Amino acid sequence: MSINGKWKYEDLTWPEVNEAVKMKLIPVLPVGTMEQHGPHLPIKMDKWTATEIAKEACKKNPERLLFMPPVSYGFTTHVMDFPGSVTINYNTFIDYISDVLKSLTYHGFEKIIVINGHGSNMIPLELACRKINLESTANISLASWWGLTIVDKEFMHKWRESKFPGGCAHSGEAETSLALHLDEDLIQMDKAVNEVYGMNKHESDFEWVDLFGQGPVSMISWTSENSDTGIAGEPLLATKDKGKMLFDESVNNLIKWGQEFHKRKFNKRKDHHTSKAKSDMPG
Ligand SMILES: [Zn+2]
């Protein structure tokens, strides 16, 4: 049962928001950014993918999930050498996301899902979600759309042809396939090039990046130091069919997580101090 057939938070009235809380609906907040995605993909990519996947999951499961208006700007400083990227200082971003989440917990929502579309948002988003988990009685869970495609360990073997690691680092096989599935008319495949090495040009066993894994050493700096096109991957291996597979897998696993999250019982915090604290804790 949904609220009068609605699945979007922004369409509810305030009494319906109370109803949504009573029904224990889980708000799903898509977060992306505006970021260059090579010469063939639009800068809306990361907002677009997270939003469309969240929309589809909420539309299909309105008795459990509630679609939140997306956050369109994120932490994107490392690609500012490419026109079009918009970045939000990470402190501002953490505060902004925390305030959105805390507004929802204030109204009574106890479980919230954040679905991310932009790799560099992950660290500040983890901090924002953890902050609200510690400062409220609510539980916030965070996933990226691509992370939701590796629940079944075998799934990647069904679609991936590009080199691992590197073929799906940025604007590569996975993102370009998903974009072709979402709107192939918008994608300029004639401008796509494989720049496999991109951020992986040093071919190191220690430092490498891919959407589906990361080396033990991290050293993120300006994207323009290592990629001329803004691509780090193999977009020429992208197809619309692979994009549909990725989209469906991510949507279905978002729905499944929503069901598991809904059922999950959370234990109460226990403070094991024997003497009363004399000050607020740091952090
Ligand atoms: Zn992206």
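User: Quick one to start: is E175 buried or exposed?
Analyst: Buried. This is a predicted model, and in it E175 has a relative accessible area of 5%, so with the cut-off for buried at under 20%, E175 falls in that class.

User: OK, and what coordinates the zinc ion?
Analyst: H37 through NE2, D46 through OD and E175 through OE, at 1.9 to 2.1 Å. Along the chain, the donors follow the spacing H-x8-D-x128-E.

User: Which helices do D46 and E175 lie in?
Analyst: D46 lies in α2 (residues 45–60) and E175 in α6, so the pair ties together parts that are 129 residues apart in sequence. D46 is buried too, with a relative accessible area of 2%.

User: Switching to H118. Where is it found?
Analyst: H118 sits in the loop between β3 (111–116) and α4 (122–135). Its relative accessibility is 2%, so H118 counts as buried.

User: What does the side chain of H118 reach?
Analyst: The backbone oxygen of F75, at 2.9 Å. There's also a polar contact of 3.4 Å between the side chains of H118 and E35.

User: Now the surface. Which residues form the nonpolar patch?
Analyst: F206, V217 and M219, with about 320 Å² of accessible area together.

User: And where is the place of F206?
Analyst: In the loop between α6 (173–183) and β6 (209–210). F206 is exposed, with a relative accessible area of 53%.

Notes: Residues are numbered from 1 along each chain as its sequence is written. This is a predicted model: local features need pLDDT of at least 70, side-chain atom pairs count only at pLDDT 80 or more; totals for chains, interfaces and linings use all residues. Side-chain values use heavy atoms; hydrogens and water are left out. Helices (H or I, at least four residues) and strands (E, at least two) are DSSP runs, numbered from the N terminus. Buried means under 20% relative accessible area, exposed over 50%, partly exposed in between (1.4 Å probe, protein chains only). A polar contact is a pair of N or O atoms within 3.5 Å; within protein, one must be able to donate a hydrogen and the other to accept it, and residues adjacent in sequence count only if both atoms are side-chain atoms. Patches are made of residues with over 30% relative accessible area and no salt bridge: like charges are joined within 9 Å, nonpolar side chains (Val, Leu, Ile, Met, Phe, Trp, Tyr) within 5 Å. Accessible areas come from the Shrake-Rupley method with a 1.4 Å probe; for residues, only the protein chains shown count as cover. A salt bridge is a side-chain nitrogen of Lys or Arg within 4 Å of a carboxyl oxygen of Asp or Glu. Donors are N, O and S atoms within 2.8 Å of the metal (3.2 Å for Na, K and Ca); water is not among the atoms, so sites may look incomplete.
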